[in-house]
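Here is a short report for a reader who is new to this model. Please keep the sequence and the 3D view open while reading.

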Amino acid sequence: MIAAALVFIMHLGFATVESGLTQSKNTVNILFKNTLIPCIGLLTYALCGFNLMYPGFADEDPQFWFKFAGFGITTDEAGVTSAYNVGYTYWTDFLFQAMFAATAATIVSGAVAERVKLGTFLVFSTIFVAVCYPIAGSWKWGNGWLNRLDTPFYDFAGSTLVHSVGGWGALAGVMLLGPRMGKYTSDGKIKPILGHSMPLATIGVFLLWLGWFGFNGGSVLSADPGLVSLTLVTTSLAAAAGGVSAALASVIFLKKPDLSMALNGILAGLVGITAGADQMAADTSIYIGAIAGVLVVLSVLFFDKIKIDDPVGAISVHLVCGIWGTLAVGIFGAKAGTAQLMSQLTGVAAYAVFTFVFAFVLFLILKIVMGLRVSPEEESEGLDIGEHGNVAYPNFIANH
Amino acid sequence: MIAAALVFIMHLGFATVESGLTQSKNTVNILFKNTLIPCIGLLTYALCGFNLMYPGFADEDPQFWFKFAGFGITTDEAGVTSAYNVGYTYWTDFLFQAMFAATAATIVSGAVAERVKLGTFLVFSTIFVAVCYPIAGSWKWGNGWLNRLDTPFYDFAGSTLVHSVGGWGALAGVMLLGPRMGKYTSDGKIKPILGHSMPLATIGVFLLWLGWFGFNGGSVLSADPGLVSLTLVTTSLAAAAGGVSAALASVIFLKKPDLSMALNGILAGLVGITAGADQMAADTSIYIGAIAGVLVVLSVLFFDKIKIDDPVGAISVHLVCGIWGTLAVGIFGAKAGTAQLMSQLTGVAAYAVFTFVFAFVLFLILKIVMGLRVSPEEESEGLDIGEHGNVAYPNFIANH
Amino acid sequence: MIAAALVFIMHLGFATVESGLTQSKNTVNILFKNTLIPCIGLLTYALCGFNLMYPGFADEDPQFWFKFAGFGITTDEAGVTSAYNVGYTYWTDFLFQAMFAATAATIVSGAVAERVKLGTFLVFSTIFVAVCYPIAGSWKWGNGWLNRLDTPFYDFAGSTLVHSVGGWGALAGVMLLGPRMGKYTSDGKIKPILGHSMPLATIGVFLLWLGWFGFNGGSVLSADPGLVSLTLVTTSLAAAAGGVSAALASVIFLKKPDLSMALNGILAGLVGITAGADQMAADTSIYIGAIAGVLVVLSVLFFDKIKIDDPVGAISVHLVCGIWGTLAVGIFGAKAGTAQLMSQLTGVAAYAVFTFVFAFVLFLILKIVMGLRVSPEEESEGLDIGEHGNVAYPNFIANH
């Protein structure tokens, strides 16, 4: 339950990171999205659960919907779910799953920020959270086919199931939306669009790190204290290594120690360790985090080069480092070896195809039906005025 | 104890919500009040406790003062209070009560912001926390008359005892203070005065939501994990439903999805579920929260119409939705029915009369003795300069 | 483990306090330092631990390095450390120690802010965390000589071992750096340089208070709930008393209720109670906190008088109140008396000499080798541009 509270606070972390790393003229819009996403995540999960109780749908099995989605979560007489073979109650599991599902949608939010239509994005999020995430999740956490491979695919707390899933959705959205106006000039230059508040971004990253204690630590809640505390240490060491290595990488590649790179490096380390946080040694965690920190810097530069405009670096952090963390289990994990690595690659590929196609098709349908992108006038003026008729900082003189 | 830490963080939530939703020229003043209120709450409770030890006051009963105030909290040999029939120590109970009492004063703070004199408000808060809150609270939590009705009045974690009490104090203060200059023009128009930082307000609401996990979850701390986790789920679902319904209501009534309404909707849902968080089903929680979310939007519009100027919407959130949540126990609760509803109405009415009259008379006396409102010059220039000789953001050019 | 999460969040508290109390042109620099310090703290501790496993260094004792540093932490077969005679695992202890060590470096960070070279400070921090802190800490927590005095030196959670150690480092740094340009004019005037965001500073202080629940509460984790909750109460009452007394002192000495003084008063109370949080009565905690709150105001004024320029008041909070708290154990503690007071004075003096000399010499060497202070041009323009090529708030017009 404490872990659920910590995972909840991650949504404040996402809200502050994303608003901090974007322009002040879009801040209300980003905060609105990030406030509504956990609300929608909670309600979507609850409403789907309640559907089960209507006659004609599933009379005898109150967990029908979850099974339909492949989750197979059932509760024994004491209300303890089978999904975790520990002392979680059904309700704690519900809070966890809802928060995880909302996380996947939040990742998309950051990448499509500053030009996506609010209504379209909220419809996308609802369907993504209600359909795509649980179907994909069931393959592993619902004891689906990936969990039944000879060497089962392993993803402790969601490098692939949460972060890559969100990352593929983000990539699909950015590809269909195109870059923000003025980001890539006609003569091939990349114009940086700076975030409007580095303190907000820093607050967000620290809150995410804190939340990750719940994310990773909570996944072994009933296990012995030794394992939980080891998980917190591997999580922290990977984050620390990611922050330091990304800062060093920024000195090498950007000539200056860059705060936003260091912050994204911490997130990269956290995403990277998530798949194997329970089975890595302390030194291995440092290697995984350090590699993730370099990867995220290179990835941000690479996506800018190919004109994939991701304002907050969400694709680099969650997709690239999510894949890295998943593969790292096959390289450094308890059962490291070719068999495990092949299983991890299988999982990565399966999630890539399913999630990317799902998100791409869904965004495409919504683009035709509702429109995906705000008008150039609105984008230039800011989505806060256009979508909300309001501004985030009315008492300060803006300098767009 | 974890719950006490979470409830503590609510005071940071209040500080950031209130400063975010008001003008930057009054930010230092609001932060100062919200920083001192929990300090005063803690000390007031402690000093009252220590008074007991002085001879001639109560030699034999170290808990005398609490009894005087009607609380009737006593400890058995093991130091466990009788107020909660669970494993709370006296000290944990003290921290909880002090934090709850300070919450009632903080609610008033938001409504009277941007024109109340600092000294007057701090004197009001101290007396309100030390006298009004514990007397009123004793009627229910001290096993007073409301708890001894045939069908006892029910308020699980303070929809009435904390939130309405604060709300009535806020209403009394606003009525005696009058609206901020320029808010209602002579030709009958309502001029919106926007908050200066939506990120601060958003941070505040998320922290309050987190704190509510402690507020509601902590009130069943020793119960079975199932009940605590159910409470967290009902709390979260009501918050989520309040946020979504207030956002939808803002689209209907204000034509745009309004972030501050969505944020207040979340708080409305939280206040609404507080009275019955331990006995609502998941679907009922959603209904209660959704109705609270609509109520808060209508209430904000209504109070603006009758020129009750409440800068942060505290009366709408805490008083209106506190009453709604209390009545909801009679409508949807475990013992729903006419008898329970009548008890709830009795409680609501009793708290209305006592708290409003107490706060009104106290504010009136202070108005005569100390003055209630700053000068028009100070209000125009900002209370930061007038009361504190300082500004919150000296490095930015203001745009009042 | 929960306590470790709370202590972790203190680093966000330090980051926001320090950036809030300094100028916006140096915000990126301060956030960068405060983000990297906990990362470096974690890695330094981990790397030192791993060094032990290399042959030729210590074949048989995997805890060698800690012993070399005097800590003497060893684990029994179950992985439980001897440093705490409680249910802490080695890993939890590691997280705690790393966070504590990083705290000492963070204290220095605030005092030397706005003019220290980034690289120099990071090298200082790494060595300070890796060498000075553990050697000094071993004297007490590693069962060293101070713990073996006839009346052992007592420091429950680090008034001296963490806060004074950081404070002496801060004093050494400020003495070698000199004041910020323009702070003390040639005609003997003191020009206040205001912090750029009071909400950030307030957020920081509340987070530090929250973190202190973990800091102090966590140090008795396995003890009975009564003792832990007493510790939280003494901690909270001292903080509250410090905030109120510093606010009152600011009215007396500065003529206005000053928010930054009230905030520093809370921190002063927290630092003051830390040495004896487990053995003070509730009333004594209030006295200790109230005295700390007055001390911090007088100390800030005093250091300004002697031209020791400490932008955030770190020396006053952590060093002065750390000493006060340590002595308070000899005055008010369970074994109060001349013997205990002499032991406390011995400890204070020993840490003063060792830490100040260590930090002074280290800073002096770095000053010669790397340079300590940025150029006047860079200081005037801001370290954000100079060190990072970036600014914290590109969308607002600055008013330096």
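## Helices α6 and α11 of chain C

This is a predicted model. In chain C, helix α6 (residues 159-177) packs with helix α11 (residues 314-332) of chain C at an angle of about 140°, and their axes are 8 Å apart. That angle makes α6(C) oblique to α11(C). The crossing of α6(C) and α11(C) is left-handed.

Which residues make this contact? From α6(C) come C:S159, C:T160, C:H163, C:S164, C:G166, C:G167, C:W168, C:A170, C:L171 and C:V174. From α11(C) come C:A314, C:I315, C:H318, C:L319, C:G322, C:I323, C:G325 and C:T326. By class, the contact of α6(C) with α11(C) has ten polar residues, eight nonpolar residues and no charged residues.

## Helices α5 and α6 of chain C

Helix α6(C) also packs with helix α5 (residues 118-138) of chain C. Here the angle is about 130°, and the axes are 11 Å apart. α5(C) and α6(C) are therefore oblique to each other. α5(C) passes α6(C) in a right-handed crossing.

On the side of α5(C), the contact is made by C:F128, C:Y133, C:A136 and C:G137. On the side of α6(C), it is made by C:L161, C:V165 and C:G169. By class, the contact of α5(C) with α6(C) has five nonpolar, two polar and no charged residues.

## Chain A in outline

What does the secondary structure of chain A come to? It has 14 helices and zero strands. Chain A has 400 residues, and 65% of them count as buried.

Next come the contacts in chain A between residues at least 6 apart in sequence. Of these, 76% join residues at least 24 apart.

## How the copies are related

Chain C superposes on chain A by a rotation of 120°, with 0.0 Å of shift along the axis. The RMSD is 0.0 Å. That is the relation of a three-fold axis. Which C-alpha of chain C is nearest the axis? It is that of C:I397, 3.7 Å from the axis. The copies use different surfaces, and 7% of the contact residues of chain C recur in chain A.

Chain B can be laid on chain A by a turn of 120° and a shift of 0.0 Å along the axis, with an RMSD of 0.0 Å. In chain B, the C-alpha nearest the axis is that of B:I397, 3.7 Å from it. Only 7% of the interface residues of chain B are also interface residues in chain A, so these copies meet through different surfaces.

## Where chain B meets chain A

This contact takes 43 residues from chain B and 42 residues from chain A. On the side of chain B that touches chain A, five elements each supply at least two residues: α1 (2-20), α7 (198-217), α8 (225-254), α9 (259-274) and α10 (282-305) of chain B. The largest share, 14 residues, comes from α8(B).

What is the make-up of this side by class? The side of chain B that touches chain A has 28 nonpolar, twelve polar and three charged residues.

## Where chain C meets chain A

In this contact, 42 residues of chain C touch 43 residues of chain A. The elements of chain C that give two or more residues to this side are α1 (2-20), α2 (27-51), α4 (90-111) and α14 (383-388). The largest share, 13 residues, comes from α2(C). By class, the side of chain C that touches chain A has 29 nonpolar residues, twelve polar residues and one charged residue.

C:W91 has its place in helix α4 of chain C. Is C:W91 buried or exposed? C:W91 counts as buried, because it has 25 C-beta neighbours inside 10 Å, and the cut-off for buried is 20 or more. Which residues does C:W91 contact, leaving aside its neighbours within four places in sequence? They are A:S229, A:L230 and A:V233.

Technical notes: Residues numbered from 1 in each chain as written. Chains lettered and ligands numbered in written order. Predicted model: local features only at pLDDT ≥ 70, side-chain atom pairs only at ≥ 80, totals over all residues. Contact = placed C-beta atoms within 7 Å. Helix = DSSP H or I, 4+ residues; strand = E, 2+ residues; numbered from the N terminus. Nonpolar A, V, L, I, M, F, W, Y, C, P; charged D, E, K, R; others polar. Axes fitted to C-alpha atoms, helices over the stretch in contact; angles between N-to-C directions. Parallel < 35°, antiparallel > 145°, perpendicular 65-115°, else oblique. Left-handed = near helix turned anticlockwise from the far one by under 90°. Least-squares fit on C-alpha atoms with pLDDT ≥ 70 in both. Buried ≥ 20, exposed ≤ 12 C-beta atoms within 10 Å, placed from the backbone.
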